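Here are a few exercises to work through with the model open in your viewer. Try each task before you read its solution.

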Amino acid sequence: MEFRPVSPTDLPRLAEAFIATFSAEPWSEAWTMDSALACLADLLALPRAAHLTVLDEGVCLGAIFGFDHVKDHGLTHEIRELFIHPQARGQGIGQALMVRYLTERHLSDVNNVYLLTARDTPSEEFYGRLGFRRARQQVVLVRP
Ligand SMILES: CC(C)(COP(=O)(O)OP(=O)(O)OC[C@H]1O[C@@H](n2cnc3c(N)ncnc32)[C@H](O)[C@@H]1OP(=O)(O)O)[C@@H](O)C(=O)NCCC(=O)NCCS
């Protein structure tokens, strides 16, 4: 297993894993190859972006993308996407990718890390095992 930053040439393979993930339940999202490629390319181009992909024999199995925000008290990190190809799940790869990412994130420079995920789902449980908890003060607001 190899971990390295995502390169633009990884995007088509990662877009396949992304579509396979988020077009399935519970998301049932309507991604196409074009929209998935655009989404991942935008994540790669974010200011202060961070990303890591996991490969097995040269094949990208999944990735994590995030970026730092500058705040008054220093840097805060937002994780924007994490996905492992459905055929590679349940083998410890997602956890290994996340642990690697968090330790490579130079956490001494980052005060906290946050992310959005669907409540009461297996992914919330997954993040809980990695030390994430529900925010005590913030709430997500949406419109309409
Ligand atoms: C969430 C995800 C990244 C986990 O990757 P993975 O490689 O399948 O997970 P791992 O095999 O590393 O599992 C790590 C731990 O989480 C637990 N876990 C993983 N998937 C789980 C699930 N669906 N339900 C409950 N627990 C789960 C495992 O049991 C394991 O716990 P353990 O260390 O006590 O044995 C992957 O399932 C995925 O891509 N899911 C769809 C996308 C998603 O949910 N992304 C995050 C939210 S946007």
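Helices (H or I, at least four residues) and strands (E, at least two) are DSSP runs, numbered from the N terminus. Keep in mind that this is a predicted model.

**Exercise 1. Work out how the buried residues of α3 are arranged around its axis.**

Solution. 
- Step 1: Check the helix length. The twelve residues of α3 reach 16 Å from the first C-alpha to the last, close to the 16 Å expected at 1.5 Å a residue.
- Step 2: List the buried residues of α3, using the cut-off of 20 or more other C-beta atoms within 10 Å. They are Gly-94, Leu-97, Met-98 and Tyr-101.
- Step 3: Look down the axis of α3: the buried residues fall within an arc of 95°, so they line one face of the helix.
- Step 4: Turn to the other side of α3, where Thr-103 and Glu-104 are exposed.
- Step 5: Ask what the buried residues pack against; the partners are β1 (2-4), β2 (49-56), β3 (59-71), β4 and α4.

**Exercise 2. Locate the backbone exceptions, given that most residues other than glycine have a negative phi, and most peptide bonds are trans.**

Solution. 
- Step 1: The peptide bond from Glu-25 to Pro-26 is cis, with omega near 0°, and Pro-26 sits in the loop between α1 (11-22) and α2 (33-45).
- Step 2: Continue to Arg-143 and Pro-144, which are joined by a cis peptide bond with omega about 0°. Pro-144 belongs to the segment after α4.
- Step 3: Ser-28, not a glycine, has a positive phi of about 50°; Ser-28 is in the loop between α1 and α2.
- Step 4: Asp-120 is placed in the loop between β5 (110-115) and α4.

**Exercise 3. Are Ser-28 and Asp-120 buried or exposed?**

Solution. 
- Step 1: Apply the cut-off for exposed, 12 or fewer other C-beta atoms within 10 Å.
- Step 2: Ser-28 has 8 C-beta neighbours inside 10 Å, so Ser-28 counts as exposed.
- Step 3: Asp-120 has 6 other C-beta atoms within 10 Å, so Asp-120 is exposed.

Definitions and conventions:
Residues numbered from 1 in each chain as written. Predicted model: local features only at pLDDT ≥ 70, side-chain atom pairs only at ≥ 80, totals over all residues. Expected span 1.5 Å × (residues − 1). Arc of directions from axis to C-beta. Contact = placed C-beta atoms within 7 Å.
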